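Work through the exercises below with the structure in view. Each task is followed by a solution in steps.

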Amino acid sequence: MNDALPVPTETGSVALMRLIERAAVSPDFDVAKLEKLLDVKERWEASEARKAFVGAKAAFKANAPVLTKNKRVRFDTNKGATEYNHATLDHIATVVSPALSAQGLTYAWETAQGDGGVIRVTCILTHILGHSERVMLSASPDQSGGKNNIQAVGSTVTYLERYTLLAVTGLATAEQ
């Protein structure tokens, strides 16, 4: 294959794809060079996706939704009464999701529980072009308040989902 292929006049991934197509139909077709061109294309696309992600996250933060604490909690412990306000997961999701979607961003969680019972929740924020960022937190099951074992795991998962979503979006509740 001729090493001095003409430099494409188009920009971006389309130009790279045309270059790869020309190389593939060349009578001097070289698989190793094609693989290198495909690697270049993948790196280009990953770079473009990362730039788009950063731009989308900046646009989201420029008009970030205000998150208020919408639930009051009160319970008694052997140390006395505990009382606080917090933003529930459903409230955060309801407020944040449309603002993220408007910028081509979405989120999802991965959960896992290790042999020692430690629960890991990872929130993944992903742009439509494929770039994503993750935040992971871990904790033991929440045995407070007389929960059974399943409720203790569910409580911890919800708590970690709430805080990983806030962390990956860079948000905090208005009263924090």
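**Exercise 1. The overall chain**

What radius of gyration does the chain have, and what would a compact globule of 176 residues have?

Solution. The model is a predicted one. Start with the reference value: a compact globule of 176 residues would have a radius of gyration near 16 Å. Then take the chain itself, which has 24 Å. Next, look at the extent of the C-alpha trace, which spans about 80 × 40 × 20 Å along its principal axes.

**Exercise 2. The elements in order**

State how many helices and strands the chain has, and give the order in which they run.

Solution. Counting gives four helices and five strands. Reading from the N terminus, the order is α-α-β-β-α-β-β-β-α.

**Exercise 3. Strand 1 and strand 2**

Describe how strand 1 pairs with strand 2, and name bridge partners.

Solution. First locate the strands: strand 1 covers residues 71–77 and strand 2 covers residues 80–86. A hairpin of two residues links them. Their pairing is antiparallel, with seven bridges. In general, strands of a sheet pair through backbone hydrogen bonds. Two residue pairs can then be checked: V73 is bridged to Y84 in strand 2, and R72 to N85 in strand 2.

**Exercise 4. Helix 3 and helix 4**

At what angle do helix 3 and helix 4 pack, and how far apart are their axes?

Solution. Helix 3 comprises residues 89–101 and helix 4 comprises residues 149–169. Their packing angle is about 30°, and their axes lie 10 Å apart. Angles under 35 degrees count as roughly parallel, so helix 3 is roughly parallel to helix 4. The crossing of helix 3 past helix 4 is left-handed.

Next, list the residues that meet. Helix 3 contributes L89, I92, V96 and L100. On the side of helix 4 are T158, E161, R162, L165, L166 and T169. Sorted by class, this contact between helix 3 and helix 4 contains six nonpolar, two polar and two charged residues.

Technical notes:
Residues numbered from 1 in each chain as written. Predicted model: local features only at pLDDT ≥ 70, side-chain atom pairs only at ≥ 80, totals over all residues. Heavy atoms only, no water. Axes fitted to C-alpha atoms, helices over the stretch in contact; angles between N-to-C directions. Parallel < 35°, antiparallel > 145°, perpendicular 65-115°, else oblique. Left-handed = near helix turned anticlockwise from the far one by under 90°. Contact = heavy atoms within 4.5 Å. Nonpolar A, V, L, I, M, F, W, Y, C, P; charged D, E, K, R; others polar. Rg over C-alpha atoms; globule rule 2.2 N^0.38 Å. Pairing = 2+ DSSP bridges.
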